[in-house]
Amino acid sequence: MPSWPNFRADFPVLHQQVNGKPLVYLDNGATTQKPRRVIDALVRYYERDNSNVHRGLHALSMRATDGYEGARARIARFINAADPAEIIFTRGTTESINLVARSWGHAHLKPGDVVLTTEMEHHSNLVPWQQAAKASGATLKYVPVLGADAEGGLDLAALDALLTPAVKLFAFTHISNTLGAINPATELCRRARAVGAVTVIDAAQSIGHAPLDVQALGCDFLAFSGHKMCGPTGIGVLYGRRALLDQLAPDETGGGMVVSVTYEGATWKPAPERFEAGTPNVADAIALGAACDYLDALGRDQIAAHDAALSGLAMEKLSTLPGIRIIGPRVGTPRSGLVSFAFEGVHAHDIVTFADEDGVALRGGHHCNQPLMRKLGLTSTTRASFYLYNTPEEIDTLVASLRRILKFFAG
Amino acid sequence: MSDLADLYQQVILDHNRRPRNRGRLPTANRVAHGDNPTCGDQCSVYLQLDGDRISGITFDGSGCAISQASASLMTVQLKGKTAAEAENLFGVFHEIVTTGKEPEEISDIGAFAGVHAFPARIKCATLGWHAALNALKGDPVPATTETYKD
Ligand SMILES: Cc1ncc(COP(=O)(O)O)c(C=O)c1O
């Protein structure tokens, strides 16, 4: 492990015991913990600035508006968007993808069109496309995942045959929340663009874990959640290229997104307001800006290196457990900071319950990835997912806990 | 560890390792399926009903030790019972897993008393039972842990 400062002091929640043991939080794929700086931003906003945005002329409303729009600009810088207007605040990845599927899908998809996605998508980047395809008469196709344990990642050779001019949109995940596979997002966008397809990247698992540059990626849309990058729940982002957003009709309508309303009709503001009907989530947007500051102060390339070192260590140590089946990239190949595994005869939920007794927080289940699980012949896996505050010692605790569980069930 | 030892009693571990009456029942005239969408546990229950009496019962599915052992033990308990007796027994079982109170007269299902200390696992313990009751009622709709209250 390369040396890396210990940031645990920044995270109040980590300093507790669970079932009499120090908390070992390894469920970061589900949500990350929040540093003091983000919690303080929330408290400060509610204690000093709370007000509605864009409509008040009083001091508090101006402060709230500045904070909210400042957060938008901060996030634009965080992902290197060309223009803050390309940042639409949503509730999270799920809402962001649904917005594209409904607004863009409704305007552009027709029978005979193809929507392309992959076999490794989270339900939130799969079901909205199923719905859009059903509503429009388009066909949904999947880029296959290779290998009995999905160790081969996306079948890039099959992609050429799949990427025909009929493909109008290609939606794929940057990092798989179940496999830990890191998809070659820049290449995928380039190949999709070559056939004129619009690209949507699900960046839920990558956003807080590595540098991300939407212009370098060359994507049209990109979705992520604040709560997976040290930010609060209830806030997320849809990035959309300005040229596309300007042509897009709103999905929700109401206050804040209109220019002029008569009894007969209404006209829309440009992006981003067009897509943010109603009072926005001001406090959480501001705190998300604070999360960007926090992550950049640490350095996202360093966070990525730390994640990779931890997952490499976990792969090495978990591989020594008898009967373990690890899915996703093999030892020695790139993998994000998470490992999913299964044991013959011991179910993930029993593992999670036992590990909790040791203070270790894991995730067990299908990880919102039912079709992929079925393809791999699994009903569930146990997932350990790491973040900037996890330590090599915590991986030892995990492995010791698993050994104890295996022994118990072996009887 | 004491709560866990309570949860995973020997009876449960034994039924998990060596499930009884597992597989399809060729003579079944009733079948129902149960799903726990939160964790992906699944359980199908096959019944041979002769009049009002369960003369044959098996189960099939996948899930955690609690759900599999519970379904296995249930098949043993329900064989030969009438529909009314089965419903009654579910009432007793439900009481055990939600309150942790072990009634004296009933032996093996008392092993599930430890479940009550793990509220998230109550649905695991009752999945097979809900499927069985649906099968008894001839309910064609699959049982899901999201539509019944534990
Ligand atoms: C890859 C991926 N996509 C989408 C989501 C959905 O994110 P949210 O629930 O915050 O909308 C998740 C979260 O689990 C995820 O891991």
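Colleague: Happy to be looking at this with you! In which loop of chain A is the place of Ala150(A)?

Modeller: Welcome! Keep in mind that this is a predicted model. Ala150(A) has a positive phi of about 60°, although it is not a glycine. As for its place, Ala150(A) sits in the loop between strand 7 (145–146) and strand 8 (153–154) of chain A.

Colleague: Let's move to strand 5 of chain A. How many of its 5 residues are buried?

Modeller: Take the two faces in turn. On one side, Val114(A), Leu116(A) and Thr118(A) are buried, and on the other so are Val115(A) and Thr117(A). The strand is therefore largely enclosed by the rest of the structure, and the count of buried residues is 5 of the 5.

Colleague: Which residue in strand 6 of chain A is the bridge partner of Thr118(A)?

Modeller: Strand 5 and strand 6 (residues 139–143) of chain A pair in the parallel sense over 5 bridges. The chain gets from strand 5 to strand 6 of chain A through helix 4 (residues 127–136), in a right-handed β-α-β crossover. Within strand 6 of chain A, the bridge partner of Thr118(A) is Val143(A).

Colleague: What is the bridge partner of Val115(A) in strand 9 of chain A?

Modeller: Strand 5 of chain A also runs parallel to strand 9 (residues 167–173) of chain A, and 3 bridges join them. In strand 9 of chain A, Val115(A) has as its bridge partner Leu169(A).

Colleague: How many polar residues does the shell around the ligand have?

Modeller: The residues surrounding the ligand include Gly92(A), Thr93(A), His122(A), Asp202(A) and Ala204(A). By class, the shell has 1 nonpolar and 1 charged residue, while the number of polar residues is 10.

Colleague: One more: how many residues of chain B that touch chain A are nonpolar?

Modeller: In all, 13 residues of chain B are in contact with 11 residues of chain A. On that side of chain B, 3 residues are polar and 2 are charged, and the nonpolar ones number 8.

Technical notes:
Residues numbered from 1 in each chain as written. Chains lettered and ligands numbered in written order. Predicted model: local features only at pLDDT ≥ 70, side-chain atom pairs only at ≥ 80, totals over all residues. Near = placed C-beta within 6 Å. Nonpolar A, V, L, I, M, F, W, Y, C, P; charged D, E, K, R; others polar. Contact = placed C-beta atoms within 7 Å. Helix = DSSP H or I, 4+ residues; strand = E, 2+ residues; numbered from the N terminus. Buried ≥ 20, exposed ≤ 12 C-beta atoms within 10 Å, placed from the backbone. Pairing = 2+ DSSP bridges. Right-handed = clockwise from strand over helix to strand, strands pointing away.
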